[in-house]
Amino acid sequence: MDMYKNRLNHLREFLRDKGLDGVVISKLENLHYFSGFTGDDSMLVIGMNSAQLITDFRYIEQAEKEAPDFQIRKQEKGLLRRVGELINEEGLQKVGFEGSNLCFDWHGKIAQLLHDADFTTSVSLDSLRQIKSAEELACIRKAMAIGDEAFNYILTYIRPGISENDVAAALENVMRAKGSQCPSFTTIVASGKRGSLPHGTATEKLINLGEFVTMDYGAVYRGYHSDMTRTICVGSPDEKQRKIYNLVLQGQKLGVSLVKPGASGKSVDAAVRQLFRAAGYDKYFGHGLGHSVGLEIHEEPRLSPASTCEALEENMLVTVEPGIYIPDWGGVRIEDTVAVTPDGCEILTHSNKELIELCICLLYTSPSPR
């Protein structure tokens, strides 16, 4: 496919800029991105004039179908040994490796097998995935649509007396039925005081009338992840709940409005943080404003005080997910995933994010007459 040929061309330009004539790719997401192969226990060895996928008997047929631009090399005596042999056979002189993924032990074992190659340059290839293609955006839109469908269903399901685990299972079941391969990550369902836990994964806790319920979850479609968060109230919120929710919603909408080409990851985050500071709640917002999604659930670029993104570009993706988390009270988070457009951004999450108050009808059975 032309898409994979183009990706290989961009990769080779990257290698030239780094003074390399080859690279070993071990990270599964990058292996999939550059080759199309979706199996595991495999590696790529890519040179300026060659592209080789090393795998074992289990995946040969699959690899031939999924990665037609690659020579499929079967390994029978060990993956690392076959990688070293191919580097030697190709006569590669200066070969990069993914230092954040290839463990020290594996790197050393490959290096011992090499005759003349310099295998000392660590590279990060994740930056090559930051701008999404039309095909990638289509997959992420589908994953987002699955998440939206799950949210519409869960509003009919939540009621007092069911557990957070029940809610998580229902979300995941609906997403699977709608075409998700698996959850994007461990589903977060945090109710009541547990809402103060930004990553409060579901527990056996029962949901009570009057509590906030925060749900952070996502679907995976053809390898691409979605990510969304909604906080709802089971029944009617009190004054403080309404105040906190509206502040988070204001911050979330502000963040979305600032996502556009040229904006830095730090500046978008700082604007929302300043809004919370002015309201006296900045100390309760302790994580970054957002991150990208794609073949991984957390990718670059990020919106945070430590962001390295100096300028967002068209077809980058970011989440915008401010939250306020107050110990022994609870919390609120609202998250959309957005795509950068030529003059702003497009919100890919279509679920309602205004404060939802679930109408709970309590049915009482009259005692039997004596």
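1. A quick word on terms to begin: helices (H or I, at least four residues) and strands (E, at least two) are DSSP runs, numbered from the N terminus. Just past helix 2, G36 has a positive phi of about 90 degrees.

2. Please keep in mind that this is a predicted model, where local features need pLDDT of at least 70, side-chain atom pairs count only at pLDDT 80 or more, and totals for chains, interfaces and linings use all residues. Residues are numbered from 1 along each chain as its sequence is written, and side-chain values use heavy atoms, leaving out hydrogens and water.

3. Helix 2 itself spans residues 28-35 and is mostly covered, with six of its eight residues buried (under 20% relative accessible area, with exposed over 50% and partly exposed in between; 1.4 Å probe, protein chains only). The buried ones are N30, L31, H32, Y33, F34 and S35.

4. On to the cysteines. With a disulfide taken as a pair of cysteine sulfur atoms within 2.5 Å, the count is zero. For C182, the closest cysteine sulfur, in C139, is 14 Å away, too far for a bond. C182 is partly exposed at 34% relative accessibility, and C103 is also partly exposed, at 36%.
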